[in-house]
Amino acid sequence: MKIPRAARSLVGKLIKSTPILRRHILFSTDYQVLGGPDEARQMTASSGGWLAERTVARQERAYKSLLAEARAGKPRLDLRVAADAVIATGLSNPRLLDVGCGSGYYSEVFATLLPGGLRYTGIDYSRAMIARARAHYPSTAFEEVDAAKLPYADGAFDIVFNGVSLMHIIDYGAAIREAARVAGRYCILHSVPVFDDHRTTFLRKYAYGAPVVEAVFGKEELMSLCEGADLRLVREWPSIPYDVSDVTGHRSSTATYLFEPAR
């Protein structure tokens, strides 16, 4: 049965105006600017966030329809861009490390959208995420690992892919340096939220019903950190809209960057 537009509008207004509904139904809501990395660390330490099994389950449900659309030949822009960035490397069947893999959904995205395939390893600091990834993709390699302290040799992977997780890593500078270190050929920072005219800002929000921290990056600082890690920008793509100007006063967007180690 099709729900009338007026009824859908009324339900939408009810959800947005009711905190408990808004935080548990909408994917991202209730943004608040934080004072800086120290406050972000304190909040991360006191919140279950991405470590909670309930958060993992809600994120998984959100991606279920996106994966179905990708399998049907209609991938959302960010999923298509992720595949395009890997294709742009020109590598055949590369070894790819997915940093911040969550429940492993990008392993399915790449299997669906990359005709040549790749050798995939996913890592995440959340034990709950890794447990869910292993349950869904038992033949794929997943490990519980800190992105800022990768237990891999220099150049261990052809491609290091950071898929929508850099924004949730407080020590993002160390994560960039570690990604550059273990990337033998290329490093991809995917769907990174950036300001063109504002400094890096930490935000608190509710994601899939849980309070989490994220950073929206000043593009100048981000590029400087990558340059300092000896990464040379090869190409960039616009990704899905992500504007937090109503909270920060500055427009933001997302982009995907393909880097090549300068060594």
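**Exercise 1.** State which residues of α4 meet which residues of α6, and classify the packing of the two helices.

Solution. Q59, Y63, L67, A70 and R71 of α4 meet Y105, E108, V109, T112 and L113 of α6, where contact means heavy atoms within 4.5 Å. By class, this contact has six nonpolar, two polar and two charged residues. Next, take the geometry: the axes of α4 (residues 53-71) and α6 come within 10 Å and cross at roughly 0°. Angles under 35 degrees count as roughly parallel, and 65 to 115 as roughly perpendicular. Therefore α4 and α6 are roughly parallel to each other.

The model is predicted, with local features needing pLDDT of at least 70 and side-chain atom pairs counting only at pLDDT 80 or more, while totals for chains, interfaces and linings use all residues. Residues are numbered from 1 along each chain as its sequence is written, and side-chain values use heavy atoms, leaving out hydrogens and water.

**Exercise 2.** Classify the packing of α5 against α6 and list the residues in contact.

Solution. Helix α5 (residues 77-88) packs on α6 (residues 105-113) at an angle of about 70°, with the axes 10 Å apart. That makes α5 roughly perpendicular to α6. D78, L79, R80, A82, A83 and V86 of α5 make the contact with Y106, V109, F110 and L113 of α6. By class, there are eight nonpolar, no polar and two charged residues in this contact.

**Exercise 3.** Give the number of helices and strands in the chain and the share of buried residues.

Solution. The chain has 10 helices and 10 strands. Of its 263 residues, 51% are buried, meaning under 20% relative accessible area with a 1.4 Å probe, protein chains only.

How values were computed
Axes are lines fitted to C-alpha atoms, for helices over the stretch in contact, and angles run from 0 to 180 degrees between N-to-C directions. Helices (H or I, at least four residues) and strands (E, at least two) are DSSP runs, numbered from the N terminus. Angles under 35 degrees count as roughly parallel, over 145 as roughly antiparallel, 65 to 115 as roughly perpendicular and the rest as oblique. Ala, Val, Leu, Ile, Met, Phe, Trp, Tyr, Cys and Pro count as nonpolar, Asp, Glu, Lys and Arg as charged, and the others, Gly among them, as polar. Buried means under 20% relative accessible area, exposed over 50%, partly exposed in between (1.4 Å probe, protein chains only).
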